[in-house]
Amino acid sequence: MAETHESAGFARRARRLLLAWVALIALMLCSLGSAYLRLEPWNAVVGLAIAALKSAIVLWLFMDLARAGALVRIVAATALATLVLLLGLTQVDYRTRRPAPAPLQPAQQLRTPSGALR
Amino acid sequence: MSASLPLERHREAVAAARTASLGMWIFLGSELLFFGGLLMAYLYARTHWPQGFGQASARTHVVLGTLNTGLLLTSSALVALAVACQGPTGRGRWVPWLLGAGAALGTAFLAIKGWEYRSEWREGLFPGPGFALKAVAGAELFFVLYFLLTGLHSVHLLVGVALLVAFGRGTRKKRAWAAPRRVEAAALYWHFVDVVWIFLYPLLYLVNRHG
């Protein structure tokens, strides 16, 4: 009895993994197809949105975040939040500063011992 | 305290599995930030030289990139299935084969990536003197980031293949060190490398295909 229960559980899990794989390949093809459509400026957004969806599937089903405990979820969320925070705050810097290139030194020419320019 | 009672032993095993998984997740968090620096550089450069990035990205080999994406997604699915086969499902004998298949797909990915690098070198797309797109502003920066990101990813993948091969052999020979919790931790690492590639694929190969 216990064995058939385990077996059913495994079959369900395997089926879910198979569906996830089919979805991932389909999304990959959608991502490829969308890149050939002229959607400017949405091409990048669509590409990244599909990538986010694909990684959500990998994280949720392959990496088992769906069944993970609170501690693991907090670690994953913290890592993601830190990345977003660092990317965001760095962007703030680039977006708000006026580019002020450092005044370049004029190119220095070397003199040979005889005094001629090289 | 020795855990001689079955229930205690079971509890200890569960705690050990949780610790292994948590440790791997924390490591992967630091890995995410490791790639984060390069992603930041990419974000900055792409928003400053959108045209150059578009033209440079159009020179990458989209067929090989897509094929490699498919290989990694499939290998991840096989490794996830290997983890599902562990424990009391009675399918433990599949584990080494599934891990081995995952490692084989990873090796195929690296071989294709190597082939791709070779043709890019020949086309003059490697940054430096003789770079083919010298006249396009930002194109060289794109390829600097392309080689850094894919190179760093390939190093991670190589480590992943070594892990899968080791655990494939370990589980086949039923070694004590190839415990399910460790296979699970190695699988987490493999999936992470897959997730990194999922983002690299549109960022490097699909910037401007419609132009």
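1. Chain B of this predicted model contains six helices and zero strands, and along the sequence its pattern reads α-α-α-α-α-α. Helices (H or I, at least four residues) and strands (E, at least two) are DSSP runs, numbered from the N terminus. Taken along the principal axes, the C-alpha atoms of chain B fill a box of roughly 75 × 30 × 30 Å.

2. Residues are numbered from 1 along each chain as its sequence is written, while chains are lettered from A and ligands numbered from 1 in the order in which they are written. As the model is predicted, local features need pLDDT of at least 70 and side-chain atom pairs count only at pLDDT 80 or more, whereas totals for chains, interfaces and linings use all residues.

3. On confidence, the model scores ipTM 0.91 and pTM 0.89. The pLDDT (the predictor's confidence in each residue, from 0 to 100) averages 94 in chain B, where 98% of the residues score at least 70. Chain A averages 86, with 81% of the residues at 70 or above. Within chain A, α1(A) has the lowest confidence, at a mean of 90, and α2(A) the highest, at 95.

4. Helix α5 (residues 139-172) and helix α6 (residues 180-205) of chain B have axes that come within 10 Å and cross at roughly 155°. That angle makes α5(B) roughly antiparallel to α6(B). Axes are lines fitted to C-alpha atoms, for helices over the stretch in contact, with angles running from 0 to 180 degrees between N-to-C directions; angles under 35 degrees count as roughly parallel, over 145 as roughly antiparallel, 65 to 115 as roughly perpendicular and the rest as oblique.

5. The contact between these helices (C-beta atoms, placed from the backbone, within 7 Å) includes B:Tyr146, B:His153 and B:Phe167 of α5(B), and B:Trp190 and B:Trp197 of α6(B). Its residues divide into 15 nonpolar, five polar and no charged. Here Ala, Val, Leu, Ile, Met, Phe, Trp, Tyr, Cys and Pro count as nonpolar, Asp, Glu, Lys and Arg as charged, and the others, Gly among them, as polar.

6. Between the chains, 39 residues of chain A are in contact with 37 residues of chain B. On the chain A side, the elements giving two or more residues are α1 (2-35), α2 (42-62) and α3 (70-96). Of these, α1(A) gives the most, with 14 residues. This side of chain A comprises 27 nonpolar, seven polar and five charged residues.

7. Chain A is divided into domain 1 (9-63) and domain 2 (69-96), with bounds from an automatic or database domain assignment. Their centres, taken over C-alpha atoms, are separated by 22 Å.

Notes:
Contact = placed C-beta atoms within 7 Å.
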